[in-house]
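Subject: Structure handover

Hello,

Here is the structure for your files. My notes on what was found follow below it.

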Amino acid sequence: IDYTLRATWQAVARMYNEEAKEFDSTMAVGFTLLSIDPKTGTPSTALGPKMGMEATSLSRILKSMEKKGLITRKPNPKDGRGVLIHLTDFGLEKRNHSKEVVLRFDEAVKENVSEEKLTHFFEVMNTINSLIAEKKIHTKETTN
């Protein structure tokens with residue numbers, strides 16, 4: 001199970017990175033674009049947890065996105081210490097492209113996998129996520 005999950009994710013990541021390379025981008029940038037609210041922006045502090053990413057990695061990605069003109073940082077009016085990440089018009093354009101790529105992937109899978117099998121796939125993924133969240137995989141039982 002573990003090997004299949006990792007190998008499949010690696011194949012998906014490679015596929016997305018190959019697509020992104022044609023647009024001088026990366027999968028990580030595309031994922032970040034999709035994680036930013038296109039209308040209201042997203043607090044920088046909420047972005048890392050939303051994406052399951054460490055702050056240092058996210059900081060590097062945001063810095064590069066800002067240099068490329070994909071995002072701007074503005075003070076958060078609801079939290080004077082915080083910053084909202086907003087998409088620029090160019091960032092919104094790239095976000096829409098990223099969304100099209102993801103939807104194309106989803107459609108290709110749906111065309112080749114039955115609805116019943118997809119339902120089972122999501123059930124299995126939810127179970128795995130629950131086992132991890134509830135720390136039921138690598139528990140150490142103490143013996144007295």
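Which residue forms a salt bridge with arginine 6, and how far apart are the closest N and O atoms? The partner is aspartate 2, with 2.7 Å between the closest N and O atoms. A salt bridge here is a side-chain nitrogen of Lys or Arg within 4 Å of a carboxyl oxygen of Asp or Glu.

Before the rest, two notes on the basis. This is a predicted model, in which local features need pLDDT of at least 70 and side-chain atom pairs count only at pLDDT 80 or more, while totals for chains, interfaces and linings use all residues. Residues are numbered from 1 along each chain as its sequence is written, and side-chain values use heavy atoms, with hydrogens and water left out.

Salt bridges

The count comes to five salt bridges. Arginine 6 and aspartate 2 are separated by about one helical turn, because they are four residues apart in helix 1. Helices are DSSP runs (H or I, at least four residues), numbered from the N terminus. Arginine 6 counts as exposed because its relative accessibility is 52%, whereas aspartate 2, at 47%, counts as partly exposed. The cut-offs are under 20% relative accessible area for buried and over 50% for exposed, with partly exposed in between (1.4 Å probe, protein chains only).

Another salt bridge joins arginine 104 to glutamate 19, with the closest N and O atoms 3.3 Å apart. This pair links distant parts of the chain, since arginine 104 is in helix 5 and glutamate 19 in helix 1, 85 residues apart. Arginine 104 is partly exposed at 46%, and glutamate 19 is partly exposed at 23%.

Glutamate 66 and arginine 73 form a further salt bridge, the closest N and O atoms being 2.9 Å apart. Glutamate 66 has a relative accessible area of 34% and is therefore partly exposed; arginine 73, with 37%, is partly exposed.

Largest pocket

The largest pocket holds about 1,600 Å³ of space. It is lined by 46 residues, and the closest to its centre are Trp9, Val12, Tyr16, Met27 and Phe105. On a 1 Å grid over the protein atoms alone, a pocket is an open set of points where a 1.4 Å probe fits, with protein on both sides within 12 Å along at least five of seven lines; lining residues have an atom within 4 Å of a point. The volume is the space filled by probe spheres set on the points, which are joined across faces, edges and corners.

Helix 1 (2–21), helix 2 (27–35), helix 5 (89–112) and helix 6 (115–133) each supply at least two lining residues. Helix 1 gives the most, with eleven. By type, the lining divides into 28 nonpolar, ten polar and eight charged residues. Ala, Val, Leu, Ile, Met, Phe, Trp, Tyr, Cys and Pro count as nonpolar, Asp, Glu, Lys and Arg as charged, and the others, Gly among them, as polar.

Single positions

Glycine 30 is in helix 2 and is buried, because its relative accessible area is 12%. Glycine 30 and histidine 97 are 67 residues apart in sequence and 8.6 Å apart in space, C-alpha to C-alpha.

Lysine 99 is in helix 5 and counts as partly exposed at 42% relative accessibility. From lysine 99 to valine 12 the separation is 87 residues in sequence and 15 Å in space, C-alpha to C-alpha.

Regards
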